[in-house]
Amino acid sequence: MNTIKTLERLQKIHSLIENECTGSPYELARKLNISERSIYNLIEYLKDFEAEISYDRSRKTYFYRNHFVLNLNISLCVGTEDGVTEVLGGSYLKY
């Protein structure tokens, strides 16, 4: 489940960077309840996808220098003899 948590964090950090309201790395880490080191790792993941990310010290925010879109769709289906439970982004649907 660690991968799903990482994807959720990537989606959240992307939204904050896109809106240029991340705060400092420390503040961003507090917003996401993770370490500063994890923030730097998530930013590196985004850069691996060719996101050009910079930090503006005067505005205390990360921002994209290029047009960057991140669409994450998470879907998980679990089947048992009682039926299938589909987990979609935190929603639970029983079939």
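From the N terminus on, the elements run α-α-α-β-β-β-β-β, where helices (H or I, at least four residues) and strands (E, at least two) are DSSP runs, numbered from the N terminus. This is a predicted model, so local features need pLDDT of at least 70 and side-chain atom pairs count only at pLDDT 80 or more, while totals for chains, interfaces and linings use all residues. Residues are numbered from 1 along each chain as its sequence is written, and side-chain values use heavy atoms, with hydrogens and water left out.

**View 1. The whole protein.** Of the 95 residues in the protein, 31% are buried (under 20% relative accessible area; exposed is over 50% and partly exposed in between, with a 1.4 Å probe and protein chains only). Take the contacts (heavy atoms within 4.5 Å) with a separation of 6 or more: 40% of them join residues 24 or more positions apart.

**View 2. Where α2 meets α3.** Here the axes of α2 (residues 25-32) and α3 (residues 36-48) come within 8 Å and cross at roughly 95°. That makes α2 roughly perpendicular to α3. Axes are lines fitted to C-alpha atoms, for helices over the stretch in contact, and angles run from 0 to 180 degrees between N-to-C directions; under 35 degrees counts as roughly parallel, over 145 as roughly antiparallel, 65 to 115 as roughly perpendicular and the rest as oblique. On the α2 side, look for Pro25, Tyr26, Leu28, Ala29 and Leu32; α3 brings Glu36, Ile39 and Tyr40.

**View 3. The two sides of α3.** Ile39, Leu42, Ile43 and Leu46 are the buried residues of α3. They sit on the same side of the helix, because their arc around the axis is only 100° (taken from the directions from the helix axis to the C-beta atoms). As a rule, an α-helix has 3.6 residues a turn, so residues three or four places apart point the same way. Covering the buried residues of α3 are, among others, α1 (2-18), α2, β1 (53-56) and β2 (61-64). Turned away from that buried side is a face with the exposed residues Arg37 and Asp48.

**View 4. Ser24 in its loop.** Ser24 lies in the loop between α1 and α2. With a relative accessible area of 15%, Ser24 counts as buried. Leaving aside residues up to four places away in sequence, Ser24 touches Tyr55 and Lys60.
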